[in-house]
Amino acid sequence: MSKYTTDDILIRQVPILRDFLYHYSTYKELIHNVENLSGPKLFWKFTADAHLLTFVNYWCMVFGSKGNPTHYSKVDFTEEYDYVPFQEYFLEALDMTHEDYEKYWQAMKGFRDKFSAHREIGYKEPVPYFDIAHKVALHYVSWLEKYNIMPSLEMMVEQYQEELQPMIESFKVK
């Protein structure tokens, strides 16, 4: 049981989720447009890498170690009438087994622990497939909205992506 209330946790968690989604969106746009961006390619590589490392760290704040005070398992809606635990909710939505997710989670957490947050000598695992992390985060947002009144993060992300498009366009070679 957490020493913090669900509201305390959500006050910290929602900005983390938003920032994860913003950095993920920016990374995807930069990677998608990298060949057409003006300026040195090395600058765009380092910029995209910075967004990647940042979104991995944010994702792990919510979905990584259960000991983290902002971990999703600390949010308690068990008193709700139609409560479905989050992991059951997203596993069904993503058509994943517990074993599949455990393997994926280990890869994400390992990447964060051994490369993103620290640099373990000899770490040579492939970069995880981040679209699953993105889907888990989006399903978590919809799960939260099901039990709690909160601003729609999906609307915030859509607005950010709309603002991001002209910025990316302005960086493109004319």
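Student: Are H1 and H6 roughly parallel or roughly antiparallel to each other?

Tutor: Two packed helices are described by the angle between their axes and the distance between the axes. In this predicted model, side-chain values use heavy atoms, without hydrogens or water, and residues are numbered from 1 along each chain as its sequence is written. Local features need pLDDT of at least 70 and side-chain atom pairs pLDDT 80 or more, whereas totals for chains, interfaces and linings use all residues. H1 and H6 (residues 153-171) pack at about 30°, their axes 10 Å apart, and are therefore roughly parallel (under 35 degrees; over 145 is roughly antiparallel, 65 to 115 roughly perpendicular, the rest oblique). Angles run from 0 to 180 degrees between N-to-C directions.

Student: Which residues of H1 meet H6?

Tutor: An α-helix has 3.6 residues a turn, so residues three or four places apart point the same way. Val14, Leu17, Arg18, Leu21 and Tyr22 are among those in H1 that meet H6, whose partners include Met156, Tyr160 and Leu164 (contact: heavy atoms within 4.5 Å).

Student: At what angle do the axes of H4 and H5 cross?

Tutor: The axes of H4 (residues 98-116) and H5 (residues 130-147) cross at roughly 105° and come within 11 Å. H4 is therefore roughly perpendicular to H5. Tyr101, Tyr104, Met108 and Phe111 of H4 meet Phe130, Ile132, Ala133 and Val136 of H5. Here the contact has eight nonpolar, no polar and no charged residues.

How values were computed
Helices (H or I, at least four residues) and strands (E, at least two) are DSSP runs, numbered from the N terminus. Ala, Val, Leu, Ile, Met, Phe, Trp, Tyr, Cys and Pro count as nonpolar, Asp, Glu, Lys and Arg as charged, and the others, Gly among them, as polar.
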